[in-house]
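Subject: A structure for you to look at

Hello,

Here is the structure I promised to pass on. Please open it alongside this message, and my notes follow just below.

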Amino acid sequence: GYRAMTPATLKFAFIGSHGVGKTTLCYGLAARLKRRDVALEIVHEVARRCPLPINSGTTAEAQRWILHTQIAEEILASARYPVVLCDRSVLDNYVYFLLAAGSDPALDRLVSDWLAGYDLLIQVPILEAPRADGIRAADPNFQRAVDLRLRAEVAARGIATLDLEAARSADWLEEVEAHALRRLRPAQPELL
């Protein structure tokens, strides 16, 4: 359903728990692609702007706001740019909802449908406990709970991801760029 709206847009999203480096990778990839003259937009993490409680004290309403705002911003970015980089995906947003409020069949269907619109999901593992920055939760147990639930959702839904390896964190940006470039420049069909 949703894919037909913007067939020319390529959409990449970084997924993972909070404090794992998604934003740094997203900006790094954006800089590298812009140097190659790729017109793109970044969909920034919307949770930071949520007017309702987030982190472990969040509510179902806060997570609904975050998830729907994420979708709205992805629609807008996809309408304006041929490449969209998302600092999170709807699946991340839904995992926080699941931890706070349990399953919601309507949201689950929406998330499942929306996931089909991502061309590449890049799963970022935990390297260290999150640092307190005044917004994100600094509790390493909550960070691990999010990571485990996200990985369980990815597996249960049979979603293909680029799974970054913690031991190779120094090479993450190069690996992500290589995968993105393959999606941006697919093999040309051979001419007869």
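How many helices and strands does the secondary structure of the chain come to? In this predicted model, there are six helices and five strands.

Along the principal axes, the C-alpha atoms fill a box of roughly 60 × 40 × 30 Å.

The sheet

The five strands form an open sheet with parallel pairing, in the order β2-β3-β1-β4-β5. At the edges stand β2 (40-43) and β5 (162-163); each has a single partner strand, so one side of each is left without a neighbour in the sheet. Further in, β1 (residues 10-15) and β3 (residues 83-87) run parallel and are joined by five bridges.

Helices against their surroundings

Have a look at α5 (residues 140-157) as well: this helix lies across β1, β4 (120-123) and β5, and runs at about 145° to β4.

Towards the end of the chain, Leu173 sits in helix α6 (residues 172-184). Which residues does Leu173 contact, leaving aside its neighbours within four places in sequence? They are Leu25, Gly28, Leu29 and Arg32. Leu25, Gly28, Leu29 and Arg32 fall within the span of α1 (22-35). As for C-alpha atoms, those of Leu173 and Cys26 are separated by 8.9 Å, although the two residues are 147 apart along the chain.

The largest pocket

The largest one has a volume of about 470 Å³ and a lining of 25 residues. If you want to centre your view on the pocket, His18, Gly19, Val20, Lys22 and Arg136 are the lining residues that lie nearest its centre. By class, the lining is made up of nine nonpolar, eight polar and eight charged residues.

Which helices each supply at least two residues of that lining? They are α1, α2 (60-80) and α3 (90-101). The largest share comes from α1, with three residues.

Happy viewing, and do write back with any questions.

Best wishes

Key. Residues are numbered from 1 along each chain as its sequence is written. This is a predicted model: local features need pLDDT of at least 70, side-chain atom pairs count only at pLDDT 80 or more; totals for chains, interfaces and linings use all residues. Side-chain values use heavy atoms; hydrogens and water are left out. Two strands pair if DSSP finds at least two bridges between them. Helices (H or I, at least four residues) and strands (E, at least two) are DSSP runs, numbered from the N terminus. Contact means heavy atoms within 4.5 Å. Axes are lines fitted to C-alpha atoms, for helices over the stretch in contact, and angles run from 0 to 180 degrees between N-to-C directions. On a 1 Å grid over the protein atoms alone, a cavity is a set of points where a 1.4 Å probe fits but cannot get out, and a pocket is an open set with protein on both sides within 12 Å along at least five of seven lines; lining residues have an atom within 4 Å of a point. Grid points are joined across faces, edges and corners, and a volume is the space filled by probe spheres set on the points. Ala, Val, Leu, Ile, Met, Phe, Trp, Tyr, Cys and Pro count as nonpolar, Asp, Glu, Lys and Arg as charged, and the others, Gly among them, as polar.
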